[in-house]
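Dear colleague,

I am handing over the structure that we spoke about, and below it you will find my notes on what turned up when I went through it. Please read them with the structure open beside you.

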Amino acid sequence: MCYCLFKYFTPAPPVCVCVCVRACSMMAAAQDSPVYLGFDFSTQQLKVVAIDENLNVVHQNNVQFDSELPEFRTQGGVHIHGDRLTVTSPVLMWVKALDLLLDKVKRAGLDFSRVRALSGSGQQHGSVYWRRGASETLQNLDPDQDLHQLLQGSFSLRDCPVWMDSSSSQQCEDLQAAAGGALRLAHITGSRAYERFTGNQIAKLRRTRPDEFQDTERISLVSSFAASLFLGGYAAIDYSDGSGMNLLDIRSRTWSEICLEATTPHLDRLLGAPLPSTSVLGPVSSYFVWTRFLRELQRGGLHWRQPRVSGRNEAPAGRHRVTRSSCGSSSLARRWRVTSSVIPVDWRAFMALLCFKNGSLTRERIRNKCAGGSWELFSAALRDTPLGNNGNIGFYFDSMEITPPAVGVHRFDSDDNKVSSLSPAEEVRALLEGQFLSRRLHAERLGYSIIPGTRVLATGGASSNQEILQVLSDVFNAPVYTIDVSNSACLGSAYRALHALVAESGASFFDVVKKAPEPQLVATPHPTAQEVYGQMLKRFARLEERVLQEPRPLSSSNQSV
Ligand code: ADP
Ligand code: XUL
């Protein structure tokens, strides 16, 4: 997440000096039907959604890192290192994915001259390290070359720590000690110290990679890195993603002196000042204007004046709905509340966020093991097994979980005896029920309660799976809603881009999304759900305690699947 966005203006429609008839009609079309782009630099792929002024989706595209950029040898978009705690992604893979995505969009026929504004989001917590001199390179990109060629030498660190990393426990302890304890740190930054939070990653890199660290002139988050590419200069970190660093004082919305000092002296110089997620970042760089947006028109013999920016835009924001369950690589449960917080679209508000690491990738592993690699068979297993799974309960933490901090696979039968296996269909249901019971248990511990009128909004790749949504509805004993576009982060970004152009007139983001299609009801709880899962939740909580008391495997054998 979360999902803080960046944004800026595309140039105003350029002024045509010398035009042929065909080009004139293109201009007219461009002015008549603007589009707005929303990008999402997520864990496994780079995605884009284009919408028109009525919020209709006119184009969607994506680049899958593993299959379309195999030269980077990622699995699920990341490299899991030998200690099984360190998780990184190659920064040049993200850059190359942008080159590829823009080419795909162009080949699919989207006329870039219709683009009025764009905005984006990135996986939260991941960080990018720009080498000395990179700012200059960014400002002087040669339109004849691809971005990934131009930026080969611009990063002091080739492999960026991402949100799945759990390797900075020592730095978390150090930070909490310096801040006066976990609670005090949570008072300042909104969260106790978490391994994936960027401040702790920076502290670790400063110690383990001192030379590369010395050679760094700027540190970006994934979202501000992506914005920097489009901007041709360093984009500010926004409050929303900034609140996932253990560095931002979430009340004053400035970097916390205590946290900065404990992380690395003068870190603020490397981070730049944070900005509201709705700040205007500026015009898209001339590199994109000339190479990506208008190259074809140039070839057509047009002469354009240097693009200029008119008006103001505004950016960021996380996803645009309130209580929701995301079913992508990670799983998230969020609601408005001040506890473990991020700052959402409205920068004066706070929103609680619970993050679970073993989401889609674990479901894929169990699908491959128990359902022959087919989502159809996986869904059939859910249909064929009863609510409550005959008392079988499972915990599936392929890698060190965030909430709760446990690892390994733990299966229990109806008498709470530990068992080493379940039938394939029971295993599928144990996984799903276990994942959603965990979401509910930990959300309730944060103060969430299911009351009449509670709705669950499901987003992310797995939200297209009806049987998974049914289990979600049953476990939460609440109706589940989805939107048509499972790439909700992209869609939210595209809405932000559109909002950017009307914000000056005082229109709020919520005014803009009023026209958006309402989420549709896709699952309602089974009549016995409350009884079955009310009981099961209590057992689940007790069994989770047992799992947490088990000695953890050494880091090298961390994966117990
Ligand atoms: P991210 O944004 O983290 O890259 P997405 O929200 O795009 O993730 O979700 C991608 C995931 O969606 C894939 O890892 C895949 O497991 C899951 N997925 C796609 N289709 C289905 C399906 N029919 N049933 C269950 N999961 C699915
Ligand atoms: C949120 C988190 C994950 C990533 C996934 O705190 O760590 O949701 O942002 O993109």
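Asn389 lies in the loop that links α17 to β19, and its phi is near 55 degrees, which is a positive value in a residue other than glycine. Please keep in mind that this is a predicted model. Most residues other than glycine have a negative phi, and most peptide bonds are trans. Pro404 sits in the loop between β19 (393-397) and β20 (408-412).

The next topic is how the helices are arranged. Helix α17 (residues 375-384) and helix α18 (residues 424-445) have axes that come within 8 Å and cross at roughly 85 degrees, and because of that angle α17 counts as roughly perpendicular to α18. On the α17 side the residues that meet the other helix are Phe378, Ala381 and Leu382, while α18 brings Ala425, Val428, Arg429, Leu431 and Leu432. Sorted by class, this contact has 7 nonpolar residues, 1 charged residue and no polar ones.

From α16 the contact draws on Thr362, Arg363, Ile366, Lys369 and Cys370, and from α18 on Pro424, Glu427, Val428, Leu431, Leu432 and Gln435. The residues of this contact divide into 6 nonpolar, 2 polar and 3 charged.

Finally, there is the ligand. Which residues come nearest to ligand 1? Of the 16 residues around ligand 1, these are Ser42, Lys47, Ser329, Glu364 and Gly461. In the side chain of Ser42, an N or O atom is 2.9 Å from an oxygen atom of ligand 1, and a polar side-chain atom of Gln45 likewise lies 2.9 Å from an oxygen atom of the ligand. For Lys47, the distance from an N or O atom of the side chain to an oxygen atom of ligand 1 is 2.8 Å. Taken alone, ligand 1 exposes 570 Å², of which the protein buries 82%. Two or more residues of the shell come from each of β4 (45-51) and α16 (360-370), and by class the shell has 3 nonpolar, 11 polar and 2 charged residues.

Terms used. Residues numbered from 1 in each chain as written. Chains lettered and ligands numbered in written order. Predicted model: local features only at pLDDT ≥ 70, side-chain atom pairs only at ≥ 80, totals over all residues. Heavy atoms only, no water. Axes fitted to C-alpha atoms, helices over the stretch in contact; angles between N-to-C directions. Helix = DSSP H or I, 4+ residues; strand = E, 2+ residues; numbered from the N terminus. Parallel < 35°, antiparallel > 145°, perpendicular 65-115°, else oblique. Contact = heavy atoms within 4.5 Å. Nonpolar A, V, L, I, M, F, W, Y, C, P; charged D, E, K, R; others polar. Near = heavy atom within 4 Å. Polar contact = N/O pair within 3.5 Å; in protein donor to acceptor, adjacent residues only side chain to side chain. Areas by Shrake-Rupley, 256 points an atom, 1.4 Å probe, with all protein chains shown as cover.
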